Amino acid sequence: MAEVLVYVDHVDGAVRKPTLELLTLARRVGEPVAVALGAGAADTAAALAEHGAVKVLTHDAAEYADYLVVPKVDALQAAVAAVSPAAVLVPSSAEGKEIAARLALRIGSGIITDAVDLEAGDEGPVATQSVFAASFTTKSRVSKGTPVITVKPNSAAVEAAPAAGAVEALDVTFSAQATGTKVTGRTPRESTGRPELTEAAIVVSGGRGVNGAENFALIESLADSLGAAVGASRAAVDAGWYPHTNQVGQTGKSVSPQLYIASGISGAIQHRAGMQTSKTIVAINKDAEAPIFDLVDYGVVGDLFDVVPQLTEEIKVRKG
Amino acid sequence: MSLRIVVTVKYVPDATGDRHFADDLTVDRDDVDGLLSELDEYAVEQALQIAEDADDAEITVLTVGPEDAKDALRKALSMGADKAIHVEDDDLHGTDAIGTSLVLAKAIEKAGYDLVISGMASTDGTMGVVPALLAERLGVPQVTLLSEVSVEDGVVKGRRDGDAASEQLQASLPAVVSVTDQSGEARYPSFKGIMAAKKKPVQSWDLSDLDLEAEEVGLEGAWTAVDSAAARPARTAGTIVKDEGEGGKQLAEFLAGQKFI
Ligand SMILES: Cc1cc2nc3c(=O)[nH]c(=O)nc-3n(C[C@H](O)[C@H](O)[C@H](O)COP(=O)(O)OP(=O)(O)OC[C@H]3O[C@@H](n4cnc5c(N)ncnc54)[C@H](O)[C@@H]3O)c2cc1C
Ligand SMILES: Nc1ncnc2c1ncn2[C@@H]1O[C@H](COP(=O)(O)O)[C@@H](O)[C@H]1O
């Protein structure tokens, strides 16, 4: 069976959930061979094996942390040369897309970004994409070369599928471009203890209606009662009430959770672009005409300062 | 020596319009009004600020697109860019990101550059890959997705706010930069700027000017193929209740029914 390369997104050896989802999709198209780079690369093997990786190609060098993007492209290109895969799958993060694009160009292949599903087809993998702020669903293929496809988080279920996961060292020679862009400083994002926004099963978001940074505590309490991640509209982020890393929408994160709760968010097209594929959508807004209500499974027309605390209280009571 | 900045700008269908696909599954550009992609306004803005801080700089705005794409160039010129290049050719219809990066790279090389500035993503395709592809093709450093950028003594520096960390980046010119919508509000064209833009030069190039063949671009030259496009079924109308004191409890009841609690 053909091998499929899966680029591993990990933090010091801890594999992030979207990579495990990629392994599920990869198994529909071939045998997953994972590529893990940088500090802790070899520590990823156990988790990857448990989810279907037959092999884990690893390489560590200072370049991966010290320079932007290109060293990883060099390594992935080396992996493609070593394996001759039927496809290359990369998580759809900002960096993942850049790595994938440069790789595709180098190996003379087409690229599809932000797939939300993947199936085997007669002419290679078929990717489903959600476009124009999720108002259309397209099916696309790469028609030249080895398909390079980036896949959004929450596009497939994580499945256990034990495989060998044999660790092999990858041979990488860095290109002249590898050291072009130096990372001169890095401030890790502080952990909030809440789930990762793009990976969370439930997202609770606040918008302009929250009316102040201090009021975001209401949104956070609701999120915590559900074990959810916290999101924000751009209006709330631009006002400085919540960090940009939590922005949901076209220029923020794209989320696709089981449940999305929008409070004080009108539902502008750019916001919808980032949440419209959520399975269940709930909104609280005092304006019955707000466009967000066109999307909801359940909506409450009311003041969020009344509804949200009552909801949080009721959830706590029910959960005991 | 003058700092030559090329800003790549895309002309896109208005996101608030009813965007859809044409029969050949390319983006329909006829039924929805087009405009300069809002995310490229940030690129123009940063170019203007970098130019203001430099002793001597010249900003060229570059677009690859249909005839109407001139509107996007005009807008960028009215914001303050110095001149414009429009790559226009019937054979470009249906070009994918890889192809677009080829045409842009050829045009950038022909124009001459020290710094290329792009937006973080186009508001129609939203791939966010063209800047990385340009860096790969031009063989220069990629300094992308910056929320802060400065250029001094032939070095570009910037801050990239990633998922896991915020990084400080640095590279020597020539380089390709892309900026996010966190990089600073884009200015509105002034009346003076709009008047001045009318007199600024706009060059038109076609594929032969760039030594490119029709087969390398367009729908035929694309390395990806769209097999189908379907409107997402409208969401079935949900339940909407008015809060009369029990709204939060009613919502909790709904969530419990859906097994979220
Ligand atoms: C290129 C571009 C990219 C963009 N990218 C994004 C993006 O990534 N994400 C994003 O979110 N936006 C984005 N936007 C902005 C977008 O167009 C909207 O401006 C933004 O989403 C509005 O945020 P909001 O819904 O919080 O604010 P508003 O539209 O002002 O809505 C606030 C809502 O809160 C309600 N409200 C007020 N008080 C209360 C209360 N006490 N109780 C209940 N409800 C209340 C109001 O009725 C209103 O509906 C982008 C715009 C552009 C041009
Ligand atoms: N046809 C085009 N003409 C000029 N610039 C473009 C074009 N397409 C993309 N770009 C540039 O590349 C950036 C990213 O686009 P994309 O990769 O398509 O999301 C945009 O913000 C523009 O700066």
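1. An oxygen atom of ligand 2 sits 2.7 Å from a backbone N or O atom of T8(B). The model is predicted, and this distance is computed from it.

2. Two further backbone approaches involve ligand 2. A nitrogen atom of the ligand lies 3.4 Å from a backbone N or O atom of V9(B). A polar backbone atom of M127(B) is 3.3 Å from an oxygen atom of ligand 2. On its own, ligand 2 has 480 Å² of accessible area, and the protein covers 96% of that.

3. Now chain A. Its domain assignment gives domain 1 as 3-179 and domain 2 as 202-319. The C-alpha centres of domain 1 and domain 2 of chain A are 32 Å apart.

4. The contact between these domains involves five residues of domain 1 of chain A and seven of domain 2 of chain A. Together the two domains bury about 480 Å², with 55% of it on carbon and sulfur atoms. On the domain 1 side, A133(A), A134(A) and N154(A) lose the most area to domain 2, together 71% of what that side buries.

5. What polar links cross this interface of domain 1 and domain 2 of chain A? Two residue pairs are in polar contact, both at pLDDT 80 or more. Zero salt bridges are found there. The domain 1 residues that touch domain 2 of chain A divide into two nonpolar, two polar and one charged.

Terms used: Residues numbered from 1 in each chain as written. Chains lettered and ligands numbered in written order. Predicted model: local features only at pLDDT ≥ 70, side-chain atom pairs only at ≥ 80, totals over all residues. Heavy atoms only, no water. Domains from an automatic or database assignment. Contact = heavy atoms within 4.5 Å. Buried area = accessible area lost by both parts, 1.4 Å probe. Salt bridge = Lys/Arg side-chain N within 4 Å of Asp/Glu carboxyl O. Polar contact = N/O pair within 3.5 Å; in protein donor to acceptor, adjacent residues only side chain to side chain. Nonpolar A, V, L, I, M, F, W, Y, C, P; charged D, E, K, R; others polar. Areas by Shrake-Rupley, 256 points an atom, 1.4 Å probe, with all protein chains shown as cover.
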